[in-house]
Amino acid sequence: MSKTTIHRDMHYLELLSTSFPTIASAATEIINLEAIMNLPKGTEHFLADLHGESQAFQHVLKNASGNIRRKVSELFRGDIRESERRELCTLIYYPEEKLELIKASEEDMDDWYHITIHRLVSVCRDVSSKYTRSKVRKSLPEEFAYIIEELLHERTDDIDKAAYVNVIVDTIISTGRADDFIVAVCNVIQRLSIDQLHILGDIFDRGPGAHIILDTLRQYHSWDIQWGNHDMLWMGAAAGNNACICNVLRLSLRYANLTTIEEAYGINLVPLATFAMEIYGDDPCEEFMPNLLRGDTMEEKYQRLTAQMHKAISVIQFKKEAQIFHRRPEWKMEDRCVLEHIDYKRGVYIVDGKEYEMRSCHFPTVDPEHPNELTPEEYQLMERLHHSFRVSEKLQKHIKMLLSHGCMYSICNQNLLYHASVPLNPDGTLKEVELYKGEFYTGKELMHNIGMMVRSAYNTDTEKEQRQYARDYFLYLWCGKDSPLFDKSKMATFERYFLSDKETFKEEKGAYFQLRDNEEVCDRILDAFGVTGNNRHIINGHVPVHASKGENPIKANGKLMVIDGGFSEAYHKETGIAGYTLVYHSRGFQLVQHEPFMSARDAIERGIDIKSTTQLVELSAHRMLVADTDKGVELRSQVEDLRELLYAYRHGILTEKNKV
């Protein structure tokens, strides 16, 4: 280390010396950081395409994709029965609810408390073993921090300490704090079982609990999200894109899922219902009947009203989309101005000179001469819906969360994360995509600049024209041919509603989906994003893996992992499973395939966990340490800086402060 280097960095070292004012403090921090780097890496958890399935999402977080159950089995196999292990797991997942059931049936609660607290402390000790005492301490609830820390670091097999530990447990019980203590320890176990949560997009739509997922994440210790197309739709709606608002409402009505819209975000749908009944009162709206999930039932009159609302907002959607497509001809999407392709007298849809018979052709609000113009009533309705989305405080808070925790892509520990695709040419090279006013980007630059554009739609400092373009662009991200979140030839929404010929339903996937099993192509993408290392991967979701048909989620010789197995119930028949989660711990990758989650009540009352199958994807040659991660790179840099500070102190370049 030369004096030249020291003098060049003097300003930084002076700043660093305010935090470490003495040789002793700097040396202590170096020792601490070196020790941290030799701990096992924390467990990363990857989930994708949650689609509002809040109960399944919360359960997977609680059981850490079966990791807690595995640890309980390893700790107590041969010591306690399988049924007791299952009861202990359920208690860890749902402590408050399970305690109520146990107290209603258990005759000797003091004895049960003694046994259970010791078992929970054993599990907590195991899951905390890969963290520093400092990190564990920060995870502990303040009221029990000292007690839990004492129990974690004392063992009953030490004769000298057994009485000490037992007195602590006895006192917890005798002071009436056993329930609170158990809840606290269970929450710590859940917290320490997952170090970092990655969500690869699509929190919204289909299921009823997107807002619950976001409320859960608001309290979660460490998470990030790579935006999905459905997230982008809601972000566009919150930003005031009326075509996105229509799409959001259409999907909610399609799945009879109005809980998120009305109860969570306070969007008033009475004006839409009133309009729909008036305009479509005599229309059977058969194509728009809701798709009921979860065994839901709905009275016929409400089904019919939902279908009428569904059709009303769909027609407005087609109009609002066409207005944007004409306003943005550079997108080359004017062929998707679907209402312009209808011969209203003959009831046929005409594309490229070919005619397709329509299942129905009742459009009372469409002027064939000006098909994309809203009627005065539709205009007024959209004004009210627009206002509701813009002033929904909870929706705006949730979107801010997505902005603060999210982006289009992320690189973490040699893994490239994104929701759907990277646009490619047919030969596998990165495709140039125009973003704004003749600016073309590929790969990493494309993703980065899309993220910047998304944020500019919410930034009041953005120039007015660019901000309007950014708001419009949410629609392109939802359904544009070269959108990294869509990457298909078209979105055949209109065709599925109105045409009988299923050939028109086809949405040709982009080159990425044709080539993603090619290892060379995946390496090219990883190179373009600057992902290095021998064990680098692409991880994404978006397209459900058809496990029932034998499709493998591991592609390109292990370079790419697709973890959308269909969390949403709407996909269960199609995929044969209920989602994948990916776990990356110190020994490698594990892919966990889940069967459908029944309910939290079943889990609590009957001890029924999600049935999961774990597949070892990649086993590391050695147990990975913090030093092997991105955090390790950061810590090594800090150590180097601190060593420079030590040099400066010891050679008189800087003077120690606060020396006694």
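Helices here are DSSP runs of at least four residues, numbered from the N terminus. With that in hand, let's start the tour. Keep in mind that the model on your screen is predicted.

**Stop 1**

Is Asn242 buried or exposed? Asn242 has a relative accessible area of 16%, and because anything under 20% counts as buried, Asn242 is buried. Now show its surroundings: leaving aside residues up to four places away in sequence, Asn242 touches Lys320, Met382 and His386.

**Stop 2: α15 meets α22**

- From α15, select Ala243, Cys244, Asn247, Arg250 and Leu251.
- From α22, select Phe474, Leu475 and Trp478.

If you colour the residues of this contact by type, you will find 6 nonpolar, 1 polar and 1 charged.

**Stop 3**

Move along to Ala256, in the loop between α15 and α16, where α16 covers residues 259–264. What is the phi of Ala256? Phi is near 50 degrees, a positive value in a residue other than glycine. Ala256 counts as partly exposed, because its relative accessibility is 28%.

There is another residue of this kind to look at. Select Gln414, in the loop between β8 (409–412) and β9 (415–418). Gln414 is not a glycine, yet its phi is positive, at about 70 degrees. With a relative accessible area of 30%, Gln414 is partly exposed.

**Stop 4: the cavity**

Now for some empty space. Rolling a probe the size of a water molecule over the atoms shows where empty space is left. How many cavities of 30 Å³ or more are there? The count comes to 1. About 40 Å³ of space lies in the largest cavity.

To find that cavity, select its lining: Phe204, Asp205, Arg206, Gly207, Ala210, Trp234, Ser252, Asn257 and Thr260. By type, the lining of the largest cavity divides into 3 nonpolar, 4 polar and 2 charged residues.

**Stop 5: the second largest pocket**

Next comes an open space. The second largest pocket holds about 710 Å³. Its lining has 28 residues, and those nearest the centre of the pocket are Ile36, Lys135, Asp195, Val626 and Lys631, so select these five to centre your view. The elements that give two or more residues to this lining are α3 (23–37), α9 (133–139), β2 (196–199) and α28 (630–650). The lining of the second largest pocket divides into 7 nonpolar, 11 polar and 10 charged residues.

**Stop 6: a crossing of two helices**

Select helix α6 (residues 82–93) together with helix α12 (residues 178–193). Their axes come within 8 Å and cross at roughly 90 degrees. That makes α6 roughly perpendicular to α12. Which residues make the contact? Leu91, Ile92 and Tyr93 come from α6, while Ile182, Cys186, Ile189 and Gln190 come from α12. The residues of this contact divide into 6 nonpolar, 1 polar and no charged.

**Stop 7: two loop residues**

Go to Pro423, in the loop between β9 and β10, the latter covering residues 433–436. Pro423 counts as buried, because its relative accessibility is 3%. Leaving out residues up to four places away in sequence, Pro423 touches Leu430, Lys431, Val433, Leu446, Asp482, Pro484 and Asp487.

Finish at Glu551, in the loop between β12 (537–540) and β13 (554–555). Glu551 is partly exposed, with a relative accessible area of 24%. Draw a line from Glu551 to Ser19: from C-alpha to C-alpha the two are 54 Å apart, and 532 residues apart in sequence.

How values were computed: Residues numbered from 1 in each chain as written. Predicted model: local features only at pLDDT ≥ 70, side-chain atom pairs only at ≥ 80, totals over all residues. Heavy atoms only, no water. 1 Å grid on protein atoms, 1.4 Å probe; cavity = no way out; pocket = protein on both sides within 12 Å on 5 of 7 lines; lining within 4 Å. Points joined across faces, edges and corners; volume = space filled by probe spheres on them. Nonpolar A, V, L, I, M, F, W, Y, C, P; charged D, E, K, R; others polar. Buried < 20%, exposed > 50% of the residue type's maximum accessible area, 1.4 Å probe, protein only. Contact = heavy atoms within 4.5 Å. Axes fitted to C-alpha atoms, helices over the stretch in contact; angles between N-to-C directions. Parallel < 35°, antiparallel > 145°, perpendicular 65-115°, else oblique.
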